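Subject: Structure handover and notes

Hi,

Here is the structure I promised to pass on to you. Please open it alongside this email, and my notes follow below.

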Amino acid sequence: MAVWLPAYLIHGDDHDRVGERRNRMKASAELEVGPEGVEHLDGDAATPPAIAATLSAMTLGIGRRFVLVDGVEKWKEAEVVEHLVPVLKVLDGATTTVAFVAMEDKRQQVAPALVAAVDKLGGAQVTEEALKARDLPRWAKERAAQLGIELDGAGAQALVAQVGERRVRLERELEKLALEHGQGARLSTRDVEEAVADGAEQQVWGLVDAIVTGDRKAAVASYLALRAQGEPLARLTGLLNSRMRTALEIARRLDAGEDRGQIAQSARMPPWQLDRRISEARDAGSATLSTAVDRLARLELAARGDSTLDPDTEAIRTIGAVTARR
């Protein structure tokens, strides 16, 4: 059996990680006393007066009592002081555990009186603060090391570029990498890219490559392969348009005289991928890419029903048009 404290406060502005902590605690409590033994309160049932009444009420349950409270970030200091602090002062921590969960932001923060009451009761606080995007690769390297694998800076950047900025998702992917490659593995950027890239997004870059280089045959084949594996046309055209706009932005920055270092400061992609995009954008030119983006924007509308043609026919015609220059 776990050793439970009388009170826990789980809070912070990284809502994914706060939610994950809350879910783990609830699962652990349910494992010990069963789902019916955990009182989960939120909304109108989770105000300071309501929680005070719940904690003061007698129960007929056997064993430890668990009370899980969501929405604590909405509580006012005066209500906590008036209604909840007196109850927490006399809470029987030998038989009861109460967990307060707060999804904080700039406007809503846990009342200081609740923080102090949890501390005085001998409880524990868990704070999950969101990291800035620039700090995520460093965090990913450190978390990888804790899991027994080695991830260099480029690999960490590739992971964030592919998975996004949600630490919960990043952590799941790191755990999968650790399981797949084993303790002590040293992962290259390519290892990360191949392991965590979304299938459609990864292949869309191949489609973009073919369009930018004017390889009509490869572009049509890539498009048909993506559709054959069940990719919805609306999602596919959205991804394609987004990737082409990235190529156009790089081309325009090159036209403006920016060098690789300047582009890299704001480009969210691994260095090896950026080098390839810069080379392609330079070869294609901004005028050609601008025309392609315009045509693909119309294709995106067609995918939503704004065309008299079959959407796939419209897509293949568009691919033919944007690769006709070669």
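Predicted model: local features only at pLDDT ≥ 70, side-chain atom pairs only at ≥ 80, totals over all residues.

Leaving aside residues up to four places away in sequence, Ala 113 touches Glu 77, Val 80, Val 81 and Val 85.

Now for the overall picture. The protein has 15 helices and seven strands. Its radius of gyration is 27 Å, well over the 20 Å that the globule rule gives for 326 residues, so the protein is more spread out than a compact globule. Taken along the principal axes, the C-alpha atoms fill a box of roughly 80 × 50 × 35 Å. Of the 326 residues, 45% are buried. As for contacts between residues at least 6 apart in sequence, 76% of them join residues at least 24 apart.

Next, the helix packing, which I think you will enjoy. Helix α5 (residues 136-146) packs against helix α6 (residues 153-163) at an angle of about 110 degrees, and their axes are 8 Å apart. The two helices are therefore roughly perpendicular to each other, since that class takes angles from 65 to 115 degrees. The crossing of α5 and α6 is right-handed. On the α5 side, the residues that meet α6 are Leu 136, Pro 137, Ala 140 and Lys 141. Their partners in α6 are Gly 153, Ala 156, Gln 157, Leu 159 and Val 160. By class, this contact of α5 with α6 has six nonpolar, two polar and one charged residues.

Helix α6 also packs against helix α7 (residues 167-181), where the axes come within 10 Å and cross at roughly 120 degrees. That angle makes α6 oblique to α7. This crossing of α6 and α7 is right-handed. Leu 159, Val 160 and Val 163 of α6 make the contact with Arg 169, Leu 170, Glu 173 and Leu 174 of α7. Sorted by class, the contact of α6 with α7 has five nonpolar, no polar and two charged residues.

Between those two helices there is a loop worth a look. Gly 164 sits in the loop between α6 and α7, and Gly 164 is partly exposed, with a relative accessible area of 22%. Not counting residues up to four places away in sequence, Gly 164 touches Leu 159 and Leu 170. Both of these residues belong to the contact of α6 with α7 described above. Gly 164 and Ala 133 are 31 residues apart in sequence, with 9.3 Å between their C-alpha atoms.

Not counting residues up to four places away in sequence, Glu 128 touches His 11, Gly 12, Asp 13, Asp 14, Arg 17, Val 18, Arg 21 and Arg 167. Glu 128 and Leu 9 are 119 residues apart in sequence, while their C-alpha atoms are 11 Å apart in space.

Methods. Residues numbered from 1 in each chain as written. Heavy atoms only, no water. Axes fitted to C-alpha atoms, helices over the stretch in contact; angles between N-to-C directions. Helix = DSSP H or I, 4+ residues; strand = E, 2+ residues; numbered from the N terminus. Parallel < 35°, antiparallel > 145°, perpendicular 65-115°, else oblique. Left-handed = near helix turned anticlockwise from the far one by under 90°. Contact = heavy atoms within 4.5 Å. Nonpolar A, V, L, I, M, F, W, Y, C, P; charged D, E, K, R; others polar. Rg over C-alpha atoms; globule rule 2.2 N^0.38 Å. Buried < 20%, exposed > 50% of the residue type's maximum accessible area, 1.4 Å probe, protein only.
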